[in-house]
Amino acid sequence: MSAILPPSERLWWKQPLDRVEGTWILIAFIWCMIMFAMMVGWHIYGKQNLSTETYKTSREMYTAKTQAMVDKYTVRTETDKKIPVVRPPAGSDVYLIARLWDWWPVLELEKDKTYRLHLTSMDYNHGFSLQPVNINIQVVPGYEHVVKVTPNQAGIFSIVCNEYCGIGHANMAGRIYVK
Ligand code: CUA
């Protein structure tokens, strides 16, 4: 059989498997199994993929929780858009909204304290990319993602959107302060 010309036997897949072909399939299968085991291994030992809990939510429910946090813990506002900077108590649940085209509100967290960071989108898929530490999480509308975070260095961290979401995508940036 040639790789370029059409097979002479139309039912070529009914021909017996060649030994070389079988060997390659076996090698590929074993490699797939190794990669599969490595995904789990990386998750545990390599700190590559974050463990997230995910729940169904609605815009109304999620907005209410975020607004409650903002009302209670806002310490100041920033920029002309008066984006609230929220300093929730250490160890609490903190909420972040992704929408066309910003991350709301700005969070101010304490170093070495653990928080439960909640994320959702109000409209389309967005990507939570925390720089410069390079943490990436898909933010999907209708779902509430919860990530346990313990910031271990102080500084200003930028959130950029890394999921194309329209004309304002490039300007969709947010901020997290760690003090
Ligand atoms: Cu949001 Cu791109």
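How many salt bridges does the count come to? The count comes to 10 salt bridges in this predicted model.

View 1. The 7 strands run in the order β2-β3-β6-β12-β11-β8-β9, with mixed pairing. Strands β2 (74-78) and β9 (135-139) stand at the edges. Each has a single partner strand, so one side of each lacks a neighbour in the sheet. From one strand to the next, the twist averages 25°.

**View 2. Strand β8 beside β9.** Strand β8 covers residues 126-131 and pairs with β9 in the antiparallel sense. The pairing spans 5 bridges. Phe128 has Ile137, in β9, as its bridge partner. Strands of a sheet pair through backbone hydrogen bonds.

**View 3. Glu144 meets Lys65.** These two form a salt bridge, with the closest N and O atoms 3.1 Å apart. Glu144 lies in strand β10 (residues 143-149) and Lys65 in helix α2 (residues 59-73), so the pair ties together parts that are 79 residues apart in sequence. Glu144 is buried at 4% relative accessibility. Lys65 is partly exposed at 31%.

**View 4. Asp93 meets Arg116.** The closest N and O atoms of this salt bridge are 3.2 Å apart. Asp93 belongs to strand β4 (residues 93-99) and Arg116 to strand β7 (residues 115-121), so parts 23 residues apart in sequence are tied together. Asp93 is partly exposed, at 32% relative accessible area. Arg116 is partly exposed too, at 27%.

**View 5. A network of salt bridges.** Arg76, Glu78, Arg87, Glu108 and Lys179 are linked here.

Methods:
Residues numbered from 1 in each chain as written. Predicted model: local features only at pLDDT ≥ 70, side-chain atom pairs only at ≥ 80, totals over all residues. Heavy atoms only, no water. Pairing = 2+ DSSP bridges. Helix = DSSP H or I, 4+ residues; strand = E, 2+ residues; numbered from the N terminus. Axes fitted to C-alpha atoms, helices over the stretch in contact; angles between N-to-C directions. Salt bridge = Lys/Arg side-chain N within 4 Å of Asp/Glu carboxyl O. Buried < 20%, exposed > 50% of the residue type's maximum accessible area, 1.4 Å probe, protein only.
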